[in-house]
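This briefing covers a few local features, grouped by topic. Please view the sequence and the structure first.

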Amino acid sequence: MNRQLISSESEFESKIGYSRAVVDGDYVFVSGTTGYNYTTMSISNNPVEQAEQCFKNIEQALQEA
């Protein structure tokens with residue numbers, strides 16, 4: 001299986017050169033996932049809300065993978 005990049009279409013990915021998730025064989029790496037809300041294009045100042053959003057972003061990336 002080829003390597004597949006899961007993108008959020010965020011401008012940060014093209015500027016910094018990372019992907020929200022990477023599928024490589026049977027593995028999905030989500031270390032590039034943050035608590036950024038791509039719907040509102042913002043990030044909360046609250047660390048709990050950031051963590052919750054991060055897990056939502058991971059869930060979406062896993063669904064795409």
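Methionine 41 lies in the loop that runs between strand E3 (27-29) and helix H2. The model is predicted.

- The phi angle of methionine 41 is near 55°, a positive value in a residue that is not glycine.
- Most residues other than glycine have a negative phi.
- Methionine 41 has a relative accessible area of 43%, so it falls between the 20% and 50% limits and is partly exposed.

**Glutamine 53 in helix H2**
- Helix H2 covers residues 47-64, and glutamine 53 is part of it.
- Glutamine 53 counts as buried because its relative accessibility is 13%, and the limit for buried is under 20%.
- Leaving out residues up to four places away in sequence, glutamine 53 is in contact with Thr34, Gly35, Tyr36 and Asn37.

**Aromatic pairs**
- Two aromatic pairs turn up when the whole structure is searched.
- One of them joins tyrosine 27 and phenylalanine 29, with ring centres 6.1 Å apart and 25° between the planes.
- This pair is classed as stacked because the angle of 25° is under the cut-off of 30 degrees.
- Tyrosine 27 has a relative accessibility of 56%, and therefore counts as exposed, the limit being over 50%.
- Phenylalanine 29, with a relative accessible area of 45%, is partly exposed.

Key. Residues numbered from 1 in each chain as written. Predicted model: local features only at pLDDT ≥ 70, side-chain atom pairs only at ≥ 80, totals over all residues. Heavy atoms only, no water. Helix = DSSP H or I, 4+ residues; strand = E, 2+ residues; numbered from the N terminus. Buried < 20%, exposed > 50% of the residue type's maximum accessible area, 1.4 Å probe, protein only. Contact = heavy atoms within 4.5 Å. Phe/Tyr/Trp six-rings, centres within 6.5 Å; stacked < 30°, edge-to-face > 60°.
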